[in-house]
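I opened this notebook to record what I looked up about charged side chains. The entries follow in the order of the look-ups.

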Amino acid sequence: QYKSYTTEMVKGVIAGFENASLDRSVVAAVFTGTGPFAFCTGGNTKEYSEYYSLRSDEYGQYMELFNHMVDSILACKKPVICRVNGMRVAGGQEIGMACDLAVSSDLAIFGQAGPKHGSAPVGGASDFLPWYLSIEDAMWNCISCEMWSAYKMKAKNLISKVVPVLKVDGKWVRNPMIVTEDYVKDGEIVYGEYKTGDAAKEARAFVKEHQPNADFELLDKEVDRITWTFANLFPG
């Protein structure tokens, strides 16, 4: 279910960040998902519909837990690096923005989903997006539910670094679905936008074939570089 968080996961994230914050041996906390497809896609709608939809008081308590999860990331006394291994969407985008720095796979997408599905993105998106983006970009990204590429988010300063994760025949291949070779075309900024037409179809087929075997070597090297920098600074 693309790393959507259940109640148990929310509790686990809170415990993990509070432990990392207090552990003197920890230099930095790295927040990531597993696999090549998703960092986190927000709340687990299966759990919402099957359990919480008829238990409004318990859902209110669940939202207190969610808020505590965001607070535990913000309050962690160690630098928090968001290692974006895939989709960072909806509540996943919100908890990702609570981190201090983000480095991303170039296959990742970023955005909100709530307004398309009957909920409001007020668990952090409406608070955090204006910190990172211009106010109009923040409003549009929050409400429109458009999915923006990692390259577009890097250009707009939401994240720190984007690296390729497709290694084909020993060579790194940047996400072929996204325009990265041009910045301006016909007077419009095109860097980070999705390709269209036949080029898009061909690129999607390529990514579908190779994404299951994505190689995160460069992403991990970037996380290591940041962590090593922190390790050589004054403690705290």
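Which side chain does D137 meet in a salt bridge? I found that D137 pairs with K156, with 2.7 Å from N to O. I note that the model is a predicted one.

I then looked up where these partners lie. D137 belongs to helix 6 (residues 135-144), whereas K156 sits in the loop between helix 7 (150-155) and strand 8 (161-163); the pair, 19 residues apart, links distant parts of the chain. D137 has 22% relative accessibility and counts as partly exposed. K156, at 26%, also counts as partly exposed.

My next entry concerns K152 and E193. Their closest N and O atoms are 3.0 Å apart, and the two form a salt bridge. This pair too links distant parts of the chain: K152 is in helix 7, and E193 is in the loop between strand 12 (188-189) and helix 8 (197-210), 41 residues away. Is K152 buried or exposed? I recorded K152 as buried, because its relative accessibility is 11% and the cut-off for buried is under 20%. E193, at 29%, counts as partly exposed.

R225 and E222 form a salt bridge, with 2.6 Å between the closest N and O atoms. E222 counts as buried at 11% relative accessibility.

Finally, I noted the total: how many salt bridges does the count come to? The count comes to nine.

How values were computed: Residues are numbered from 1 along each chain as its sequence is written. This is a predicted model: local features need pLDDT of at least 70, side-chain atom pairs count only at pLDDT 80 or more; totals for chains, interfaces and linings use all residues. Side-chain values use heavy atoms; hydrogens and water are left out. A salt bridge is a side-chain nitrogen of Lys or Arg within 4 Å of a carboxyl oxygen of Asp or Glu. Helices (H or I, at least four residues) and strands (E, at least two) are DSSP runs, numbered from the N terminus. Buried means under 20% relative accessible area, exposed over 50%, partly exposed in between (1.4 Å probe, protein chains only).
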